[in-house]
Amino acid sequence: MRNPQLNANGELSHLLSIEGLPREVIIHILDTASSFLKVSTRDVKKVPLLRGKSVFNIFFENSTRTRTTFEIAAKRLSADVINLDVTRSSTAKGETLLDTVDNLVAMHADMFVVRHAASGAPHLIADHLQRIGRNDVHVVNAGDGRHSHPTQGLLDMYTIRHYKKSFGELTVAIVGDILHSRVARSDINALTILGAAEVRAIAPETLLPTEIRKLGVRVFHDMAAGLRDCDVVIMLRLQNERMNGALLPSAREYFRCYGLTPEKLALAKPDAIVMHPGPMNRGVEIHTEVADGPQAVILPQVTFGIAVRMAVMGILAGN
Amino acid sequence: MRNPQLNANGELSHLLSIEGLPREVIIHILDTASSFLKVSTRDVKKVPLLRGKSVFNIFFENSTRTRTTFEIAAKRLSADVINLDVTRSSTAKGETLLDTVDNLVAMHADMFVVRHAASGAPHLIADHLQRIGRNDVHVVNAGDGRHSHPTQGLLDMYTIRHYKKSFGELTVAIVGDILHSRVARSDINALTILGAAEVRAIAPETLLPTEIRKLGVRVFHDMAAGLRDCDVVIMLRLQNERMNGALLPSAREYFRCYGLTPEKLALAKPDAIVMHPGPMNRGVEIHTEVADGPQAVILPQVTFGIAVRMAVMGILAGN
Amino acid sequence: MRNPQLNANGELSHLLSIEGLPREVIIHILDTASSFLKVSTRDVKKVPLLRGKSVFNIFFENSTRTRTTFEIAAKRLSADVINLDVTRSSTAKGETLLDTVDNLVAMHADMFVVRHAASGAPHLIADHLQRIGRNDVHVVNAGDGRHSHPTQGLLDMYTIRHYKKSFGELTVAIVGDILHSRVARSDINALTILGAAEVRAIAPETLLPTEIRKLGVRVFHDMAAGLRDCDVVIMLRLQNERMNGALLPSAREYFRCYGLTPEKLALAKPDAIVMHPGPMNRGVEIHTEVADGPQAVILPQVTFGIAVRMAVMGILAGN
């Protein structure tokens, strides 16, 4: 079966997940993002690449932050952006997801940026577009269930490459609620494809997916051991709703064990960088001194995220 | 009394309802839409006709789908579009509708696209604009109560003309909840003005307005009889809230009697087209095989709808 | 301590409150607004001053009307406008206000238009921007708590200057719920800076702030005495939620004492103008005949408000 993300020429046609992306496609996105990074620092922060194109943000799950990053990226490419609040729309009136998609395609949509609580919804849309022969319409997964958040994965790779230049020698630790994190999944896939020397998962057993060891990841339950000699530390957001459930004793206990404090960070390499997909829970998964400290690259991640999303949209529109 | 939709030169000044529109005005809109249809298939889907104009979508009733079509149409005409969520605005704070309108006019609004649960709200606004002497500000009715949905009526006429070329020989059946449908009312008016040979209403007596026979419509309670030899079948959406009320026994029973199945459709002419304003309830008013079948022109309706809305807005702004 | 609204050259860097603005800065804003007033009457209502700039409307408190005025102003300056519904965003997920700001700055935001229920929130953001050395990012206060609503104050000054030419001879009465009004506070400050001859506050004692007399304002509890010989009457909106509280007996009683009727208005100068920040409660604080009468300049206020907001944004972006 052909990779649903690539067209017949092997070019990116949809961005659905990091999994299955050829290394050279990822490198091409990162290189393109590098050129777009300059656009956002110009006096007129715009290029005409998507002028007259209609980009639909279809968010079945509320996420102001992610929607905003895609809206900015699309507007800086000069696209017309239409935000659909799908929780209030026809889909709520009983129309199926694919009927909604068919309608938007009939309105001459060029691109769908899709966020959905169900894993696989963006895939479903991409499959449907192929079935109806509309390979001029593109899908970008903006996060689907626990499955994937590929633009976050890509911006994390951009960030690591920016600070560490290459991946081959790197030890990268991902810390926290890996079980529920689409970010973790995307990062692990991307790091594997780009050839990171070692990827570590640091988490209590209750917050690890069962298949984690099959992904080539080294598992630690102890921060001290897991952080030792790391080049990159990726902290994950702890969802509030996990904290008073059966999975975790308390936020305080979690912070004691898995919160990143200056003391724990000192166990990593002296030039280790600290990343976080945001929004942060200061004092829960990360100490405020670390969040604001010299090793944190959390805000540069946001800046790079705009450039990476511009790159993905620009590449898709060109293919 | 002068037709409130036309200016002193007999040109379109507001689009409030199909009722009362001269035939040549309708034809002019359809012809203009035809030229706009090409804009949406260009690489840069934009014309500068409304550049620097301020179009306000004022939706007193939530309708993501209709708002989206107007937003796309206005943006493809290069207008600045401002969406007002009126359920959360000053009107909710006790300001009257006309005070809201006065305020937006004072902000130099050029056009209002109005959706309201109350019949006549767009008329009220148009009357007010005339009273204050602002005939440079235009109103488009995007659906008011059970009264009218003129752009839907126009896009339906565009669709029929596209597939059937002329109206004089046509038998058109409108099927379903005609009582609560502003679409049915707009379609019946438009078909009468454009001279369709026969307009049929197929519905249970409980879903027919009392005045239906006065509109020159032939009434059927039986699908088999009503569909015979039709050229065009317009299915209406069955509102969920009707189904467990006193008006209808059940969705299942409704589908058995009035749902459009392949078998029933076979009674119409072999080249009959099937239309639906969307969103569809598959398995309630329409069988999924019909919805996706070769006679359905439901998605072309959506495409034509953008062109028709661009035409209406373009014509209004020019007058 | 340096005025947080001005940069090292004494130019406007943020608009946080009228208090503390030099007279010449206010005059410069009003003069600039005067030139922008013409833009909104052109066929193409746009100037390219903010082209490619990213303006974020961050409304922590819902206000469709104020948000709309800023959105129109920014779009007429050709900015990209992104509306953040902060009640549904990361801030609701526990992210701090300043983390949200840091994120948007990392996305290369150029301007924040901030509405917040808490007094001082825009100041907090401006202080933070200075602390992180980002004096290229600007804050406009769109209303914070009971504290300030500077663009409303400025458009009120624009309106008064438009009709009365100069301030030195003017008696201005502000009537109503001064205690809860950020508009009153901004107007009193502006009138003092611009040298109005006399500023009067007409209100029941329960709706007056304790410090009112320190502001150089003459207090009246009686409309007849307070309105006598006034040049300008500024009516304030009575918040519905005050009316059935302990502060006021009833809406009817309030109207009898403090509602502006034609009879009471006759006590002011014959050429006195009547202003209101909107939305009006007709029959509560203002008689409908006065609201629609020849002395009311309430709709011109709205028109001037767009020009003033364009001026503020244009000046900030230039500094």
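Predicted model: local features only at pLDDT ≥ 70, side-chain atom pairs only at ≥ 80, totals over all residues.
Let's begin with chain A, where the domain assignment gives two domains. Domain 1 of chain A is made of two stretches, 23-148 and 303-318, while domain 2 of chain A covers 150-301.

On one side, 19 residues of domain 1 are in contact with 21 residues of domain 2. Which elements give two or more residues to the domain 1 side? They are α1 (23-37), β4 (138-144) and α12 (298-318) of chain A. The most comes from α12(A), which gives six residues. Sorted by class, this side of domain 1 of chain A has nine nonpolar, six polar and four charged residues.

Next, turn to chain C and find helix α1 (residues 23-36) and helix α12 (residues 298-318). Two packed helices are described by the angle between their axes and the distance between the axes. For α1(C) and α12(C), the angle is about 115 degrees and the axes are 8 Å apart. Their crossing is right-handed.

Zooming in on the residues, α1(C) makes this contact with Ile29(C), Thr32(C), Ala33(C) and Phe36(C). From α12(C) come Phe304(C), Ala307(C), Val308(C), Met310(C), Ala311(C), Val312(C), Gly314(C) and Ile315(C). How many of the residues in the contact of α1(C) with α12(C) are nonpolar, polar or charged? The contact has 10 nonpolar and two polar residues, and no charged ones.

Definitions and conventions:
Residues numbered from 1 in each chain as written. Chains lettered and ligands numbered in written order. Axes fitted to C-alpha atoms, helices over the stretch in contact; angles between N-to-C directions. Helix = DSSP H or I, 4+ residues; strand = E, 2+ residues; numbered from the N terminus. Left-handed = near helix turned anticlockwise from the far one by under 90°. Contact = placed C-beta atoms within 7 Å. Nonpolar A, V, L, I, M, F, W, Y, C, P; charged D, E, K, R; others polar. Domains from an automatic or database assignment.
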